[in-house]
Amino acid sequence: MSDWITITIDGRQIQAKDGELLTDAARRAGIDIPVFCSHPKLDPLGACRMCLVEQETPRGKLLITACTTPVREGAVFHVSSERAVDARQGTLELILINHPLDCPICDKGGECPLQDQTLKHGPGKSHFWEEKQHKAKNYPLSDLVLLDQERCIICWRCIRYLQEWEDKPQLGLFHRGGETVIDKFPGTELNAYTSGNVIDLCPVGALTNRLARFSYRPWELEKTPSICTHCGQGCNLRIDSRSHRVRRHVARENPAVNDEWLCDKGRFADGISFSADRLTVPLVRKDGRLQPATWEEALSRVVEGLKEVVDRSGPQAVGALASAKVSNEANYLLGKFMRGVLGSNNIDYREGSGLLADPRGLPALADVHSADLIVLIGCDPAEEMPVLANFIKRASIRRSVPLLIIHARRPELARYPGVFLNPAPGEEIPLFDALTRATLEARMEAGAEAIPDWLSAETPPAAFPAEAVQEAARLLLNAEKPFIAYGMDYAWGFGARGILAALVNWVAAAGHTERLGFLHIQANAQGAGDVGALPHQLPGRRPLNDEKARAELEALWQSTIPAQPGLGYSGMIDAAANGLLKAMYVMAADPVGEKPAHAEALKQLSFLVVQELFLTETAKLADVVLPAASYAETSGTFTNTERRVQRAPQAVRPLGKSAPDWLILMHLARRFAPDKQNAWNTTSPEAVFAEITRAVPQYRDMSWENLGEEGRQWPWDALSVSRELQAHNGGLLNEPDDEYPFRLVVGNQLWDGGTIFAATPQMAHLGIQAARLHPDDAASLGLAAGDAIEIRSQAGAIQTTLHLDPNIKPGTIFVPFSLRDAPVGTLFDSRGPRTVVAVSKVEAPVAAPA
Amino acid sequence: MSGLKDVIDGALEIGRAMGVTLKTAITEPPVTVEYPDQPMAVYPRFRGRHELRRYENGLERCIGCCLCEAACPTGAIYVEAEENDPEHPLSPGERHAKIYEVNLMRCIFCGDCEKACPTEAIVLGHYIDLAQYDRRDLLLTKEDLLNPPAPNTVIRPDA
Ligand code: SF4
Ligand code: SF4
Ligand code: SF4
Ligand code: SF4
Ligand code: FES
């Protein structure tokens, strides 16, 4: 296939790859063959006839479609012969017969291939003066995508995308001839999580962005190549803005990360940069109320407040919450401030020290494209990273790669061939042990070492069919290039250490430890750790007792760094509750929103600063609230789950008087420690990144410039993590009993009830804002779908709506994170999410989700 | 001696010229327009202050397409479009201008915006009283443009 051959186009000899499509060969040689239906990421179809050219064949010159014709040695084509030109003009005239030509009000106008090609290849006039066909205009396919059937040129791109990538055929063609229209299949909805990609693909203005509708004309946009900051995949996108307001996001190609796709959350949920709810001025508590203040006042108040606590109770009485939602620069500077200025290691973020993530994240996202087995453990890419989920589906469909899924509820991807194992919380360790044992047994047959005592002592769990366990063990053992990802579900809370050890045992027994990676859900969960927002590690993920690292950083920061480890995220909140911590600096985190009971702890503090976009539940308790700038309003870098450091440059100016995190911290540090001003003199986020490359060894070869538009990964082997077979101890979970009969299962769903959607009101009602039970369990409780229910654990109770879902394991209840007005954190006890709950009907109905 | 002759000749010339002036002042009517007390005469295609026109049924012609803005060589126009409320549309079709501004401090009255407009919504009218005391008053809003003041002009026949 890849041998170079010679073909002739318009009398010019060009080099082509044997068997590639003529359109591709011509494009490489700079010969323009217009296309509509053909697209590099979709299978060739030949639907629109725009690419007609002549080919010399033994039967004479034939008109063929270039987009479906593979080239062979010696083939001769004519692109600009009279007949070919005439045929293409005819095609365009045909397409335009019924085209409404409402370019002035069409969102595609100005970047419309139909406009461009009509100018370049069209006949310039039409034979027709009859009335045009009228079809549906302004027809919503969903809350996000709008269809204008009159503009559709029947290229099938949208249909093919949904089929070939999303594997959800939700659009089709109906009727025939001039009456052909695109529509949803009867009774279905366009609800694929990456449906917005059809907008980018549509070569005309038939499919348009319903949220961005009429808010821009393409020629007036400023285009900033950036990334999505909604999840750990870090899909590349372009921010299109005008007059300092973000107008839309469109996908940007990066083959290693997102190919050229975005999920609908990343594409449409862009409201946080201009939401009317944003904080636009600093707030300072005066007379018990938060009141608008100048930056001068607010910063002096922060300096005073922190100084007072440090003077009275020492730096250990101050803690900082960093965040996986904001940039490396913000996290780095907050760490530098805590360690280098205040002298405390009390810094952590929610996905930080409490999460047993692999410090290197995932080996590489692109590995799914070449993997021969995909193993997903306690993660659900279809809800958490829809673009990655599409790659996984495609691997299954196109390359028959088996999927081995271990999850507490049945995720969407479990519909693909492979093995699905469904351990309830508490059953994971026996399951992984059984898998390890089966793997070792299989290896023993091949003459390998014996099974260790501590493992063979376990009894095989009855909950899992022996064949499925055998099959799963065999799949991983025999795989050569498996893609193995574990996620948050098994890496957090009570017992996670044991689960991870048991998992590692299995993977180690199969000999694939270097392919086991962690799928970070938050955009910068990897980066925040890399740059040192952790209580036990310095920037570069180096331990606090690493003398060399300390000395380096002390020179860079012109200060002394304390050696004793600080408090972690929950440790700080506990310390606040019992009065050990007196002041907190919270950046882009909302512990009270996650768990209202945390408010009691934070109220004990004598000083609380919150640096945020919105007035969150935590911010409402603060003494000073500093308005921060969002992802689009300042430059920064984010490190995705595969350690790829990517740029998110400033696209618009900060809203109101809000200021970028780095700038706020810069001013704060300079005021707090005038003697350290030489260590705090970076004047741009790019300069802060330059400093990060000096502080973080893994980032040493990077610079803002050389990150380029596709980012740079730091090497997997820059850190080594020991992963060997070892005995483990899971610890006992609370068993369900009569009082609390259900095990709680938590997890993410794409359409959650969080800030991102609250700030984009057109999306706020998407998805199912409800807890889910298996229909049988609901029936036995006498509950029906839509009932208002109360979920109660020993720690607390929340009220929400009930949704019935057969994918939920009987005996468990699924409560998503960020459920609107029902923070699942309320139910967590000291053991975190792994608890048992009772479910009951509430008579007074709670407000139904809109 | 010629000095005296020059003086006399000069005086005679001035006297003759004054005579012409006097004669014209008495016999011919004045050509000066007492603007603004009297209306100014302009040609039909004179390009004065912009107006946004409406259809007879009262709907705005402007569909917020921004083509005028794109055509304007000085960046004097700013348009933000919005979707029509189907119940109470401001213009025919799906789209109207939410914001429409013309910055007269930039405008060079070239008329390109007129030419670009697909609906003949923006036109340069005959209103010429453009002086203002405040710069801000030179920024015409959509309201200003939809409700142009009556021009203090008379139309001169096309020569
Ligand atoms: S799809 Fe293209 S050609 Fe058709 S109305 Fe829109 S801009 Fe014009
Ligand atoms: S809606 Fe767009 S992408 Fe779909 S068939 Fe029509 S023109 Fe093609
Ligand atoms: S007349 Fe010319 S300069 Fe003035 S707004 Fe119109 S296009 Fe711009
Ligand atoms: S005045 Fe005319 S050209 Fe300008 S936005 Fe309105 S319709 Fe378009
Ligand atoms: S591009 Fe070849 S037939 Fe459509």
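**View 1. Secondary structure and overall build of chain A.** In this predicted model, chain A contains 24 helices and 36 strands, where helices (H or I, at least four residues) and strands (E, at least two) are DSSP runs numbered from the N terminus. The C-alpha trace of chain A spans about 90 × 70 × 60 Å along its principal axes. A compact globule of 850 residues would have a radius of gyration near 29 Å, and chain A, with 29 Å, agrees with this; the radius is taken over C-alpha atoms, and the globule rule is 2.2 Å times the number of residues to the power 0.38. Of the 850 residues of chain A, 53% count as buried, a term for residues with 20 or more other C-beta atoms within 10 Å of their own, the C-beta atoms being placed from the backbone.

**View 2. An open sheet in chain A.** Three strands of chain A form an open sheet in the order β6-β7-β10, with antiparallel pairing; two strands pair if DSSP finds at least two bridges between them. Strands β6 (139-140) and β10 (207-209) of chain A stand at the edges with a single partner strand each, so one side of each has no neighbour in the sheet. Strand β7 (residues 145-147) of chain A pairs with β10(A) over 3 bridges in the antiparallel sense, and A:Leu147 has A:Leu207 of β10(A) as its bridge partner.

**View 3. The surroundings of ligand 2.** Ligand 2 is surrounded by 14 residues, of which the closest are A:Cys152, A:Cys155, A:Cys158, A:Cys202 and A:Ala206; a residue is near a molecule if its C-beta atom, placed from the backbone, lies within 6 Å of it. By class, this shell has 13 nonpolar, no polar and 1 charged residues, where Ala, Val, Leu, Ile, Met, Phe, Trp, Tyr, Cys and Pro count as nonpolar, Asp, Glu, Lys and Arg as charged, and the others, Gly among them, as polar.

**Notes on numbering and confidence.** Residues are numbered from 1 along each chain as its sequence is written, while chains are lettered from A and ligands numbered from 1 in the order in which they are written. Local features need pLDDT of at least 70 and side-chain atom pairs count only at pLDDT 80 or more, whereas totals for chains, interfaces and linings use all residues.

Note on methods
A residue is buried if 20 or more other C-beta atoms lie within 10 Å of its own, exposed if 12 or fewer, and partly exposed in between; C-beta atoms are placed from the backbone.
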